[in-house]
Structure formats: structure tokens, C-alpha cells
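Please look over the sequence and the model shown below before reading on.

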Number of protein chains: 2
Amino acid sequence: LTTVALDLLGGDGAPDAVVDAIASLVLSGDFVDGSLALVAVGPVDQTESLLRERGLVGRVRTVQAGAAVPMEGDPLEHLRAHADATVSVGVDLVASGAADAFVSMGHSGATVAAAALGLGRIPGVVRPALAVVIPALAGPVVLLDAGATTDASSDALLQHALAGWAYACALGWPAPSVGLLTIGSEAGKGDQLRRDAQALLADQLPLAGIAYAGPVEGHDVALGHGARVIVTDGFTGNVLLKGLEGAVRWCALQMGAAYPDPVPAREVARATATSDFAGGLVLGVNGVVVAGHGAGSPEEVAACVRLAARAARGGVVDGTRAVLDGLAQVRL
Amino acid sequence: LTTVALDLLGGDGAPDAVVDAIASLVLSGDFVDGSLALVAVGPVDQTESLLRERGLVGRVRTVQAGAAVPMEGDPLEHLRAHADATVSVGVDLVASGAADAFVSMGHSGATVAAAALGLGRIPGVVRPALAVVIPALAGPVVLLDAGATTDASSDALLQHALAGWAYACALGWPAPSVGLLTIGSEAGKGDQLRRDAQALLADQLPLAGIAYAGPVEGHDVALGHGARVIVTDGFTGNVLLKGLEGAVRWCALQMGAAYPDPVPAREVARATATSDFAGGLVLGVNGVVVAGHGAGSPEEVAACVRLAARAARGGVVDGTRAVLDGLAQVRL
């Protein structure tokens, strides 16, 4: 049984989109066969009333929480002042073992911060990373960090590489290769951080038994020929991820307009947004937490729950801990 | 009369793609009416023979040069050892006034380096930038630096902002606003470089009479709602640009496959590649030089020539010099 807790109040469409997602998830195969359970985290009165409206009372557990973290202001400050924020309560369910994973479509910075505060970092991890699964042409690719931490060091990029590899393994990908996002494929290209990281990854990843695919470029993220796991700092990763989202919206409109019926092109964009791509997994913390991105439609919420359940079942946290610990032993 | 010199040997499709581009350009309106002239830069025997095959002898000037800079190795080293490299000879034509602009589809790092060496930097510019015109949904956007210089300082981003603004003005855009590419739209977001640059741009751009649009995000580059000129460092800009190219290729295949006929979707991608987007302008040097990107098809070469001619006619170099000088005066 995998139990996923859901932030009822996170995201533009909350709480309706979250309750709609619950309504569709209770019809799914793994809910019906008892291998998936859901917990709705929010003000209990509001939650119960919404569940009642949709005939869902008794199908999912409810846990009391206060408000969501507002999109404005410093999320860390807000979390410190509001222990009952939905993300804090949800993360605490994972910390206590009451849930196997937590999903929020709200402020992703707040979700990352709550995960780091409530779960603690895995030994050897200095900063958490946000990892997204990109549906690249040659097959899915894990891109990280998508925005959890700016101003990374080369050591942080090595930690991201190990955690990203463990995530890809948890998703069931066999022997995923790891590449470093840079510019130009020749040695010595890129900025100072990349030149440092290039040497470190080439040296250390093989010690951990991980295939280092070398430098990859921006187009490799959508094409997927370079590596299965693509590592970068949170600034570059977030700019690139949002750039890709903008490009897909551009294409849906421009390419759709090239046909009498624009709907199939838009449908490709919609299907992409409701794939594994709908959420980022917080890596490097002692638990499975997914920060949803995009507008947070019911389909996107449901996609995030499926992703969280897969990551929990695949043992991403134990896998990350093992590979970090293994490399630390070799380096001693 | 605007004279554009062309690197006969630069790019994957050279020299045939370049000669094919010349063949199409001599049929264009501004060539026929005498407002555009072309110079082919390459080994004269080879050039003459290719022009003869296509009945172009006497239509364009030819200037003797040696080989192109190879894609492998350090371009700066190669340029120092080979004064007759096509990019060096082409840039010298601009420096001497024999041409108003130079276009190469070859190694873009070599083109930028040759431009900086042969033309010198505009006073106040520490490093050149590569600026691309993105056909965003809300209208075209100038993105820079697309990869000329990694490891930028906030001062370099301010110089890019001024040069990018002058480029947008040279393209005829009225009062273009300038935005800083970062993550999150709140003040204080982004990495250290962006936090420094944010304060500097907000302070200095208004002194130069330029509207500062504030922070913009990755999706603004394809959507175009944030600002007409988007400033970033060359590492982030290159990753994002290649990411967008990858996403458009992804969409052409995925969205095209959603229809019985994939050709219209592919045609949107092809038309984009052969728009102003086909080349990057080297900004901050004393002359107009365009580094083509992509595979360098004849259509892309011709698009780069048109872009170079527009930038030269618009007075991008004088405009950049004037805005840098004006701000320097105000800051004294």
C-alpha cells in the first residue's frame, strides 16, 4: 500500500482541482485494488464539505491544516510563522510515516523549503534539488536542479548527479547515464562552474558505478540522445524548463494554426503537461515530496500523485542514500 | 548601397549552401534595385568555379581567403596562426569599410573572436555578446548573450542591455523595453549575479532613457509579453536558445504526428529556422557581423544576409556607441 498525501489548498485551481483529482484517482486501478491510498490535507471542515459534494466521504483520509503558503513574500518566513501551513502538515505526515509521499501544487519554493525543514537532508547533501521528468524524443530524461537551489558549487552538481541517478533507477530505468548540461561539446567549454564540475563528475561518477555521458547541450533535454539524467544548477534548470514550456505553448499555437483544426496540436501540449512532466520531485531529503508545476489542473494533480507513488515504490530515498553513502566510503 | 560579405566555407552545407544562397539573393528586390551587393570570401579559384557553374560570374565580388576555422580545437589559437581564415578576411573587409557587414555560418565562437580581434570593441564594452531575434508570440524579442561570453559580471549584463536596446532600435522597434532573465518574478529572486544585475539595471537603464521591464522568466522568451530585449549571460542564453531549438524540433515531430499530414507542422519549424532567428549578431564590436546558427541551409544563409543588411542600415554600431557613451557621460 502506498499512501500519498495531497495539499488541498495548493495551486491556482485549488481546492476544486485537487478534489476533482481525488475523484478521478479513486476510480484508478491501484486505488480500487487497494495499493494506493490518499490523504487530503487542509482545513477539515472545508475538506469534508468538498468531499461530501462529490460523494467521496470515507474514501480518503482527511488531516487538519491551516492555509496554503501565499505566492507572495518569503516562503521560509511564512513556514516559520505558520506551523499549520498545508505543506508543513503534509511533509510531517511523510516524516512520521503516516504517508509515503506528499504532493503540493502550490508555491514550489515553499514545498522545497518545507521538505528540507520537515524531513531533513540525506547525509552528504548540502542543498535539495528539484528533478523533473522530461518526455524527450528518445525517451524520458530526468533534468535537475529545476530551481530548488541557485548558485550551485561543483560539489552540489555531483550530489545532484547521484540523486538524479537514484531517481532514474527508482523510475525503473536500467543503468541510466548522467550528463552535464553545458555549452559546446568540446572539453574546456562552458563557464567556470561547468569546467570544474566536468572534471569532478568524470572522476567521481565511475567510482560510484555510474556511467558519465559527458557534456550535453540545451537541445539534448528535448531530444534525449545525450544522457538519461541531465545535471545543472537551479538557475539554469529553471530558466530552461520554463523556456521549454514557453516553446511548447508557442508551437501549440503556431503549429496548430497551420492546420484547419488546431485541437490535435493543443492536445499534444496538454498531454505533455499532464504527463510525469507535471511535477518536480524534491531530491536529497528524507522522504518523497512532489512540487507540481503549471496551472495545477485536475489532470496535473493526478499525474503528480502517480509520479509520487512511483518514486516512493521505487525507493528513491533509500537509493539516493545508498549511492551517496557508497561514494563517501570509496572517497575515504 | 549595403555590401554584405559572405564566408563561402562556413557551415555544414558550405560551400554549396552559400552559393545557392547567393543565387537566390541576386534575384531579390534589393539586389536587383542596386541597394544590396554581395562579396564572396573564400579561395578565389574555388569561388569562381562555383559561381561559374551557377551563372553568377560578375554578379558578386570575390575576395581571396584560405580555409574556414575547423569546428574542433581552440578557435582563437587557429585565428592567430591563420590570418587568411575566411572569418578573419571577412571581418577585415568590414574593418576597412569595403563591406558593411559580414556573415559566417561556421564556428560561431570563431566568428565572435574574429569580430572582436579584427574590429575591436566599442568603448565601454568589456566582452562582446551574441544577440538573436526570437519570433515570440507577442512579437519578436532580442535575446542576448546567446553564447559569446560565459561568466558575465553584472556590469557585463548592463552593457548587454544597452547593446541589445540599440540593436532593437536598429531593427526599427519603437522604444524597446529591456528585461532581465531570471527565475521568479519577485524582487530578490534569482542567483547572486541576477540579484546584483537587477539593482544595477533598475538604477542605470532609466539614466540612459531606457524602460526597464524588470525580471522576466524563461517562458517570456517564446511568449514575448515580458520585454522586447531580454538580457542574460552567455551560458544561460546558449542553453536556453538550444533548448528552444530542441523543443521546436520535438513539437514538429510530436504535433505533426497528431495529424494525417505532418508537413505543415514541420514547415512552421523550417520557417522559424529561416527567419531572423537564423543568425546571431555580434554586439559590442565596431562593425556588423552575423554568426549563423543551425545547419546553414541556403535559406538560413540568405536570412542571415538580410538580417546583417538590416542591422547595418539601422546603424546598430553607431547606436550602441551612442547609448554607451551617453550613459558614461551621465555616470561621470
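A residue is called buried when its relative accessible area is under 20%, exposed when that area is over 50%, and partly exposed in between. The model described here is a predicted one.

**Backbone features in the loops**

By this scale, Asp151(A) counts as partly exposed because its relative accessibility is 44%. The residue sits in the loop between β6 and α7 of chain A.

Ala175(B) belongs to the loop between α7 and β7 (178-181) of chain B. With a relative accessibility of 73%, Ala175(B) counts as exposed.

The loop that holds Asp151(A) is also the place of Asp145(A), between β6 (141-144) and α7 (154-170) of chain A. Asp145(B) lies in the loop between β6 (141-144) and α7 (154-170) of chain B.

| Peptide bond | Omega |
|---|---|
| Leu144(A) to Asp145(A), cis | about 0° |
| Leu144(B) to Asp145(B), cis | near 0° |

**Helix α11 of chain B**

Helix α11 of chain B spans residues 263-273, and its buried residues are Pro264(B), Ala265(B), Val268(B), Ala269(B) and Thr272(B). Viewed down the axis of α11(B), these buried residues fall within an arc of 150°, so they line one face of the helix.

What covers the buried residues of α11(B)? The cover includes α10 (234-256) of chain A as well as α10 (234-256) of chain B.

**Relation of the two chains**

In general, two copies of a chain are related by a rotation about an axis and a shift along it. In this model, chain A is superposed on chain B by a rotation of 180° with 0.0 Å of shift along the axis, and the RMSD is 0.0 Å. That is the relation of a two-fold axis. Both copies use the same surface, since 100% of the contact residues of chain A recur in chain B. Among the residues of chain A, Leu240(A) comes closest to the rotation axis, with its C-alpha at 2.6 Å.

Note on methods
Residues numbered from 1 in each chain as written. Chains lettered and ligands numbered in written order. Predicted model: local features only at pLDDT ≥ 70, side-chain atom pairs only at ≥ 80, totals over all residues. Heavy atoms only, no water. Helix = DSSP H or I, 4+ residues; strand = E, 2+ residues; numbered from the N terminus. Buried < 20%, exposed > 50% of the residue type's maximum accessible area, 1.4 Å probe, protein only. Arc of directions from axis to C-beta. Contact = heavy atoms within 4.5 Å. Least-squares fit on C-alpha atoms with pLDDT ≥ 70 in both.
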